[in-house]
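Dear colleague,

Here is the structure I said I would pass on. My notes on it follow below.

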Amino acid sequence: MQQWDSLWINVHLATMLDGYGEIRDAAIAVKNGKIAWLGAHKDLPAHEQTVELHDGKGCWLTPGLIDCHTHIVYAGNRSDEFEARLNGIAYEEIARQGGGILATVRATRAASDDALMQASLPRVRNLLAEGVTTLEIKSGYGLDLTTEARILRVARQIGRDSAVRVKTTFLGAHALPAEYAGRADDYIDLVCHQMLPALVAEKLVDAVDVFCEKIGFSPAQTERVFQAAQACGLPVKLHAEQLSDQGGAALTARYHGLSADHLEYLSDAGITAMAKHGTVAVLLPGAYYFLRETKLPPLGDIRAAGVPIAIATDCNPGTSPMTSLLLVMNMACTLFKMTPLEALQGVTCHAAQALGLSSEIGTLEVGKAADFATWRIDRPADLAYFIGGNPCLTTVFSGKSRK
């Protein structure tokens, strides 16, 4: 007789298959960290046994939430820039004056590994408390091999210590470091030929990203990084069309990129390319809100083209100091006019696709990781409705309860 490790009964499931994929009065069983069975309680196999039985008492159960775009490992604080912007100084001008990303680079280079970990953990814990079971963590605040490696090692350690799945992204081409001022092509040489190979050899990189923008790197420089990533067998993604249309989304799609992120200035050509190659659109309402952007991503056109839409916190010190994925869901609905279903898809199934993890997580299906969260809500749409509350009751990661 087969034995399950745990069984949850008296729950309503939002499987995220075919819309919410609701199964009311349901049960879900776990074996060896995977979903072993799920369905209506009345169909529960009578011959199965279980080690641990959990009564959900009528709660809703969803896939564990996925924050697919964060810069969560950094040191320092940039509230001074927030104040400066509110006093009329543009984000681009702050960056040109040595602020912006470079300010965080200086603070991060000066911080010890332990200091980076201690600064990052509260941000991680806030997300985990809201049912997050998977995080993407980017580098990009080192801009030299030593510090980029340190950031990525801290990210890996967070995954080992905090009961959360972490996917790491190398964002060495995030900004031009001061020591390479006026020599952007030389810095891209460093990223492609020294930094990336060394980090890959240490098994610290799951994907590669670039900030393609007028204050970042050109499409030609971005393509060089993509070619280097491709040579290493790594998928790519891009900070694309946040402040202007540089054609980055279409470039990313041509390289079969996992995602293009931000996209306020996304063109029709970019949308067409993303739809053709299966590149996910990752929208970041926190940055839109924090920068007081006025140009909305072309959601209707993205939706009409059938491009999957994910959303994320973009947790970072300069443009989105946010550690609430539930708030992101609400903002996606109120600011971008997404539906609650789209918002929940954006932090489950579509976020999994944006990380190349659709076969493992993002929906409740037999054989997938037993990553799920239980919620004290009346219906799944409530997760995008409340502002400032946290209805998460329990989070299960790889079959084990986290709280």
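Which residue lies over the face of Tyr265? Lys295 does, at 5.5 Å from the ring centre. A charge is taken to sit over a ring if NZ of Lys or CZ of Arg is within 6 Å of the ring centre and within 35 degrees of the ring normal.

Before the rest, two remarks on the basis. This is a predicted model, in which local features need pLDDT of at least 70 and side-chain atom pairs count only at pLDDT 80 or more, while totals for chains, interfaces and linings use all residues. Residues are numbered from 1 along each chain as its sequence is written, and side-chain values use heavy atoms, with hydrogens and water left out.

Aromatic residues

The whole structure contains nine aromatic pairs. Rings of Phe, Tyr and Trp (its six-membered ring) pair if their centres lie within 6.5 Å; planes under 30 degrees apart count as stacked, over 60 as edge-to-face and the rest as tilted. One of the pairs is Tyr74 with Tyr141, edge-to-face, with 6.1 Å centre to centre and 75° between the planes. This pair links distant parts of the chain, 67 residues apart: Tyr74 is in the loop between β5 (65-67) and α1, and Tyr141 in the loop between β6 (132-138) and α5 (145-161). Helices (H or I, at least four residues) and strands (E, at least two) are DSSP runs, numbered from the N terminus. Tyr74 and Tyr141 are both buried, where buried means under 20% relative accessible area, exposed over 50% and partly exposed in between (1.4 Å probe, protein chains only). Arg123 lies over the face of Tyr74, at 3.6 Å from the ring centre.

Tyr288 and Phe336 also form an edge-to-face pair, with 5.2 Å centre to centre and 75° between the planes. Tyr288 belongs to helix α10 and Phe336 to helix α12 (residues 325-336), 48 residues apart. Tyr288 counts as buried because its relative accessibility is 9%; for Phe336, which is also buried, the value is 5%. Elsewhere, ring pairs link Tyr180, Tyr187 and Phe217 into a cluster.

Helix α1

In α1 (residues 79-86), the buried residues are Glu81, Ala84 and Arg85. They are on the same side of α1, because they cover an arc of only 100° around the axis, taken from the directions from the helix axis to the C-beta atoms. Asp80 and Glu83, on the other side, are exposed. The buried residues of α1 pack against α2 (91-96), α3 (101-110) and α10 (285-290), contact being heavy atoms within 4.5 Å. Gly88 follows α1 and has a positive phi, near 105°.

Strands

Two strands pair if DSSP finds at least two bridges between them. Strand β11 (residues 280-283) pairs in the parallel sense with β10 (residues 259-262) over three bridges, and in the parallel sense with β12 (residues 309-311), again over three bridges. Val282 of β11 is the bridge partner of Asp261, and Ala281 has Ile309 in β12 as its partner. Both faces of β11 are covered, with Val280 and Val282 buried on one side and Ala281 and Leu283 buried on the other.

A separate topic is the open sheet of seven strands, in the order β3-β2-β1-β4-β13-β14-β15, with mixed pairing. β3 (34-40) and β15 (400-401) stand at its edges with a single partner strand each, so one side of each is left without a neighbour in the sheet. β1 (residues 3-14) and β2 (residues 22-31) run antiparallel and are joined by seven bridges; Leu7 has Ala29 in β2 as its bridge partner.

Regards
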